[in-house]
Amino acid sequence: FFGAYELRPNQQIFYYLKSGAGETTRLDLDRPLSENILLRYENDVTWTDTNDKFIFFTGPILFHKFGDIRGISYSAKVVGESKPTWHVNDYRLEVSYRREILRRWFFLDVNPYIHFPKERKWESTLGFNVRFELVVGQY
C-alpha cells in the first residue's frame, strides 16, 4: 500500500500446446474511489517462446460494482510489441459488463469495443465479445 493506492504485482509462467511456454508479468495500481468504484492502472507484458517477443498493454480501467452479482468496467488501452523494436500497434476503448448467472460459479461477460490498429492505418474497427466463465474449485 502507498497511501490510498495498492500495488498489485503478479507473475505467471505457463505452457500451452499451441503457443508453447511463456510468462506474463502484471503490475497494477489500484485506487478505490468509493465502496463500489475502483480505478486501476493496468500494466501487462507477455513473452512466449514461439514468437520470442514481448506483447504489452497499459492503461486505466474504471470498475463499477452494482450489488453482489453484476458490474461494469470502462477501459482505454495502448497495445504494442517488442519486435522489430518496441512500438505501439493498437489503441483500444472498451466496456465490459459482467453478471453472475448461477451462485458465484457461472458468469456472463459482454464486451463491446472499438480499436484503432496500426495495420489498418489507425482507422476505427468495432468488435464484440461474449464469454461464459465457469469457476471450479474453492473461492
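Start by selecting tyrosine 97, which you will find in strand β6, covering residues 87-102. Bear in mind as you look around that this is a predicted model.

Next, bring up the surroundings of tyrosine 97. Setting aside neighbours within four places in sequence, its contacts are Arg70, Gly71 and Ile72, plus Leu108, Asp109 and Val110.

Then colour the two strands involved: β7 (residues 106-115) and β8 run antiparallel, and 10 bridges join them.

Time to zoom out to the sheet. In what order do the eight strands lie? The order is β1-β2-β3-β4-β5-β6-β7-β8, in an open sheet with antiparallel pairing. To see where the sheet ends, select residues 6-16 (β1) and 125-134 (β8): these are the edge strands, and each of them pairs on one side only. If you look at how the strands are set against one another, neighbours in this sheet are turned by 20° on average, ignoring direction.

For the next stop, select Phe2, Tyr5, Leu7, Leu27, Leu29 and Tyr41. Together they make up a nonpolar patch on the surface, with about 550 Å² of accessible area. Pick out tyrosine 41 from this group; it belongs to strand β3, residues 37-48. Is tyrosine 41 buried, exposed or partly exposed? Its relative accessibility is 38%, so it counts as partly exposed.

Finish with the whole chain in cartoon view. How many helices and strands does it hold? There are zero helices and eight strands, and reading along the sequence gives β-β-β-β-β-β-β-β. The C-alpha trace spans about 45 × 35 × 35 Å along its principal axes.

- The accessible surface comes to about 9,800 Å², and carbon and sulfur atoms hold 59% of it.
- Among the 139 residues, 27% count as buried.
- Of the contacts with a separation of 6 or more, 33% link residues 24 or more positions apart.

Notes: Residues are numbered from 1 along each chain as its sequence is written. This is a predicted model: local features need pLDDT of at least 70, side-chain atom pairs count only at pLDDT 80 or more; totals for chains, interfaces and linings use all residues. Side-chain values use heavy atoms; hydrogens and water are left out. Helices (H or I, at least four residues) and strands (E, at least two) are DSSP runs, numbered from the N terminus. Contact means heavy atoms within 4.5 Å. Two strands pair if DSSP finds at least two bridges between them. Axes are lines fitted to C-alpha atoms, for helices over the stretch in contact, and angles run from 0 to 180 degrees between N-to-C directions. Patches are made of residues with over 30% relative accessible area and no salt bridge: like charges are joined within 9 Å, nonpolar side chains (Val, Leu, Ile, Met, Phe, Trp, Tyr) within 5 Å. Accessible areas come from the Shrake-Rupley method with a 1.4 Å probe; for residues, only the protein chains shown count as cover. A salt bridge is a side-chain nitrogen of Lys or Arg within 4 Å of a carboxyl oxygen of Asp or Glu. Buried means under 20% relative accessible area, exposed over 50%, partly exposed in between (1.4 Å probe, protein chains only).
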